[in-house]
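Hello,

Here is the structure I promised to pass on to you. My notes on what turned up in it follow just below.

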Amino acid sequence: MLEIRNLTKRFRGAPVVDDVSFAVRPGEITGYLGPNGSGKSTTVKILTGLLHATSGHVLYQGQDIFHDTIAFRQRLGYVPEEPNLYGYLTGLEYLQLAGGLRGLPSNMVTRRANQLLDLLYLHEARWLAIGNYSKGMKQRVLIAAALLHDPDVLIFDEAQSGLDITNSLLFRHLLRELAARGKVVLYIACTGVGRKDLRPHRGHRPRPHRSRRLRGAPADITATAEPGGSLHAACASGRFGVESPGDNFRPHSAMTH
Ligand SMILES: Nc1ncnc2c1ncn2[C@@H]1O[C@H](COP(=O)(O)OP(=O)(O)OP(=O)(O)O)[C@@H](O)[C@H]1O
Ligand SMILES: [Mg+2]
């Protein structure tokens, strides 16, 4: 289990993440939701050990991830928000590089990379330089790289952005399959922030967010589901309906006011 306890991050004194607590259990898909600038990626950077929190803790299986960051990262697959790819490498070469940096045996990496490229509809593009890939293709290479070492913890920071309907369906299927295999899955998604982006939910009138900080999870911002089941937010008020990544993913955001 991945536990986030009273996480706070301040930049120049201003809180971006404010006392957030929630747990991500194996076999569940947990959604972490919020509008632009609400601190989702900052939280993720802390969860992946890239950034230190101002206060609070992140525990994996009861141990602080900073106690042995290398061991934690070996069990972590992470799709960052910003693609950080080498355009002159082919998709296959990039995955081979990623596997090599993880210290995986090269024959195993090549076999698994080819499987993932097939799975993610990139088999024909495996010999093409990534610089020539479309946005959605780059996104799928990042997903493949995150899955290469069969990690126990998976964090996807807006991994569905740029994917077309076919690949979105594939990605949703993949999430469910990972959860069914007992993985810890955290899915970061953006909620609309403007009035026109907000859809009324259960008869409530949509209202703009007054505060853009993430506060007080899990009631405000997490959503969990059993593998294969419907995903509903464990939110307090369910004031807003939000952009949803799929039929089985119906989170509601209740940002703080
Ligand atoms: N290193 C930094 N120094 C100062 N401010 C930062 C830093 N990193 C992030 N911020 C600020 O923290 C806030 C939250 O940023 P973050 O990237 O976590 O938001 P987000 O919820 O992921 O947004 P988006 O939906 O646009 O991806 C923003 O106002 C951003 O400018
Ligand atoms: Mg972000």
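**Strands and hairpin**

Strand β4 and strand β5 (residues 63-64) run antiparallel and are joined by 2 bridges; strands here are DSSP E runs of at least two residues, helices are H or I runs of at least four, both numbered from the N terminus, and two strands pair if DSSP finds at least two bridges between them. Before going on, please note that this is a predicted model, in which local features need pLDDT of at least 70, side-chain atom pairs count only at pLDDT 80 or more, and totals for chains, interfaces and linings use all residues. Residues are numbered from 1 along each chain as its sequence is written, while chains are lettered from A and ligands numbered from 1 in the order in which they are written.

Back to the hairpin: β4 and β5 have 2 residues between them, and Gln-61 in the turn has a positive phi of about 50°. Leu-59 has Asp-64 in β5 as its bridge partner. Strand β4 (residues 55-60) is also joined to strand β1 (residues 2-11), antiparallel, by 5 bridges, and there Leu-2 is partnered by Tyr-60.

Strand β6 (residues 76-79) is buried on both faces: Leu-76 and Tyr-78 point one way, Gly-77 and Val-79 the other, and all are buried. Buried means 20 or more other C-beta atoms within 10 Å of the residue's own, exposed means 12 or fewer, and partly exposed is in between, with C-beta atoms placed from the backbone. β6 runs parallel to strand β7 (residues 153-157), with 4 bridges joining them; one of the pairs is Gly-77 with Leu-154 of β7.

The protein chain has 6 helices and 15 strands, and 42% of its 257 residues are buried.

Leaving aside neighbours within four places in sequence, the contacts of Val-185 are Glu-28, Ile-29, Thr-30, Leu-154, Leu-175, Leu-178 and Ala-179, a contact being two C-beta atoms, placed from the backbone, within 7 Å. Gly-91, in helix α3 (residues 91-101), is buried, with 27 other C-beta atoms within 10 Å. With the same exclusion of neighbours within four places, Gly-91 is in contact with residues including Leu-117, Leu-122 and Val-141.

**Around the ligand**

**Two positive phi values**

Most residues other than glycine have a negative phi. Arg-12, however, has a phi near 45°; Arg-12 is in the loop between β1 and β2 (14-24) and counts as exposed, with 4 C-beta neighbours inside 10 Å. Glu-158 has a phi near 55° and is found in the loop between β7 and α6 (165-180).

Best wishes
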